[in-house]
Amino acid sequence: MKKIKFLNVFIILLIIIYIVHFIGNVYITFFTDFLQPSDSDFYKNFIFGYYTQFVDLIFSIITFIGLLFIKNGLSVIIKEDIFNFKSSIKFKTAGKLLLLSGFLSLIFSMTLFYSSQEITLLAEIGRDFLLMVIGFSLYIVADILQNGSLLRQENELTI
């Protein structure tokens, strides 16, 4: 249980980092001239034009919501027990969200890589695969927790 509490604290720190990162990006995007190009034709070569910069924000929000579901699932485990249906549902939802975010981000990164031929986008493709692996792993953990909960219920009924 000590390791689960440590993981819960780690997820809380990740959530805080995400919030600070989000606030920093919003500040830079809307309140400074840092991302404002000097000519109006700057965004015409991008996939979605001016809105290309906001597409990655959508993927970050989906990942953030997935982190919130992981935190809620860990809180349920700490309060109740490791094998319960509530935490398995939360982890399954988090896994689906992380898989969705990773897959959509992978498609977007591959499209950007194809259109721009930037070698630095290969690191983003690796990050997207990692996010998909984490999401799939959470889905498997949720299945294990659900099966453990069923076995515990059957065991309690036979006694």
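Here are a few notes on this predicted model, going from the overall fold down to single residues.

1. Packing numbers. Of the 159 residues in the protein chain, 30% are buried. Among contacts with a separation of 6 or more, 70% come from residues 24 or more positions apart. The chain exposes about 10700 Å², and carbon and sulfur atoms account for 71% of that.

2. A greasy spot to look at. V9, I12, L13, I16 and V20 together make a nonpolar surface patch of about 430 Å². One of them, I16, sits in helix α1, which covers residues 2-31. I16 comes out as partly exposed because its relative accessible area is 45%.

3. S87, buried or exposed? It's buried: S87 has a relative accessible area of 0%, and the cut-off for buried is under 20%. S87 belongs to helix α3 (residues 85-116). Leaving aside residues up to four places away in sequence, S87 touches G73, V76, I77, I82 and L145.

4. N147 lies in helix α4, residues 121-158. Its relative accessibility is 40%, so N147 counts as partly exposed. N147 and F85 are 62 residues apart in sequence, yet their C-alpha atoms are 9.1 Å apart in space.

Notes. Residues numbered from 1 in each chain as written. Predicted model: local features only at pLDDT ≥ 70, side-chain atom pairs only at ≥ 80, totals over all residues. Heavy atoms only, no water. Patch = residues over 30% accessible without salt bridge, like charges linked within 9 Å, V, L, I, M, F, W, Y side chains within 5 Å. Areas by Shrake-Rupley, 256 points an atom, 1.4 Å probe, with all protein chains shown as cover. Salt bridge = Lys/Arg side-chain N within 4 Å of Asp/Glu carboxyl O. Helix = DSSP H or I, 4+ residues; strand = E, 2+ residues; numbered from the N terminus. Buried < 20%, exposed > 50% of the residue type's maximum accessible area, 1.4 Å probe, protein only. Contact = heavy atoms within 4.5 Å.
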